[in-house]
Amino acid sequence: MKRQPKPWYVVESVVSSERKARDELLRAGYEVFWPFWRKEIKHHRTKKWIMKDFPLFVRYGFVRLATPDRCSELDDIDGVNKVLRVQGFPVPVADDVIVRIRRAMDSGAFDETREHGYRLHAGDKVRIAEGQFLGLEGLVDAVKDNRKAKVLVSIFGRSVPTSVDLENLAKVA
């Protein structure tokens, strides 16, 4: 007979303390799953693209416990506000729910990232996201040294070639 895995329980963190709660739970020896999604953001000062993580469920994560009566132990952990309860009983979450969330997170389903230029090829239709030609669409004529692309932009009825950094291009479907 196959043994059922220990259930997961929903844990609420203190406001803006998701990482702290996760780290403290891990340090205390609990199995924890705290899903995050990623977003590419242009740094306001350096203008470089950076990747930032954000909690998928603001303030909520999951902890695997042998029995629901062990949930009260979590209340004493730094960064943890409480265990989610309904009518006083901790709410178990099925293992397959966690597996589906983890798969989606690992595949980047929740992420907000740019279509990177290295996927662009001659003939692709693109929109320029930065610079003097901001918002204009054009066709990639050539990709140079994996950092720049020669893009043909239509201005005043003529096709004008311009060189654009790949990070400033978005592929148009």
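Buried means under 20% relative accessible area, exposed over 50% and partly exposed in between, with a 1.4 Å probe and protein chains only. The model is predicted: local features need pLDDT of at least 70, side-chain atom pairs count only at pLDDT 80 or more, and totals for chains, interfaces and linings use all residues. Residues are numbered from 1 along each chain as its sequence is written, and side-chain values use heavy atoms, with hydrogens and water left out.

**View A. Helix H2, residues 95-106.** Helices (H or I, at least four residues) and strands (E, at least two) are DSSP runs, numbered from the N terminus. The expected span of a helix is 1.5 Å times one less than its number of residues. For the 12 residues of H2 that gives 16 Å, and the end C-alpha atoms are 16 Å apart, which agrees. Ile98, Ile101 and Ala104 of H2 are buried. They lie on the same side of H2 because they cover an arc of only 130° around the axis; the arc is that of the directions from the helix axis to the C-beta atoms. Arg100, Arg103 and Asp106 are exposed, on the face turned away from the buried side. Strands S1 (8-13), S2 (31-33), S5 (60-64) and S9 (92-93) are among the elements covering the buried residues of H2. Gly108 follows H2 and has a positive phi, near 85°.

**View B. The largest nonpolar core.** A nonpolar core is a set of buried Ala, Val, Leu, Ile, Met, Phe, Trp, Tyr and Cys residues joined through side-chain atoms within 4.5 Å. The largest has 15 residues, of which Val11, Leu25, Tyr30, Trp34, Val63, Leu65 and Leu74 touch the most other members. S1, helix H1 (18-27) and strand S6 (80-83) each supply at least two residues of this core. A second, separate core has 11 residues, including Val140, Val153, Leu166 and Leu169.

**View C. Two loop residues, Leu84 and Asn168.** Contact means heavy atoms within 4.5 Å. Leu84 sits in the loop between S6 and strand S7 (85-86). Its relative accessibility is 32%, so Leu84 counts as partly exposed. Leaving out residues up to four places away in sequence, Leu84 touches Val10, Phe89, Pro90 and Val91. Leu84 and Val10 are 74 residues apart in sequence, yet 5.5 Å apart in space, C-alpha to C-alpha. Asn168 sits in the loop between strand S13 (158-165) and strand S14 (169-171). Asn168 is buried, with a relative accessible area of 10%. Neighbours within four places aside, Asn168 contacts Lys42, Trp49, Arg127, Ile128, Ala129 and Glu130.

**View D. Salt bridges, 14 in the structure.** A salt bridge is a side-chain nitrogen of Lys or Arg within 4 Å of a carboxyl oxygen of Asp or Glu. Asp111 and Arg38 pair at 3.0 Å, N to O. The two are 73 residues apart, with Asp111 in the loop between H2 and strand S10 (125-128) and Arg38 in strand S3 (residues 36-42). Asp111 is buried at 17% relative accessibility, while Arg38 is partly exposed at 38%. Lys125 bridges to Glu137, the closest N and O atoms being 3.5 Å apart. This pair joins strand S10 to strand S11 (residues 137-144), 12 residues apart. Asp141 and Lys150 meet at 3.4 Å, N to O. Both partners are partly exposed, Asp141 at 35% relative accessibility and Lys150 at 31%. Salt bridges with shared partners also join Glu12, Arg59 and Lys82 into one network.
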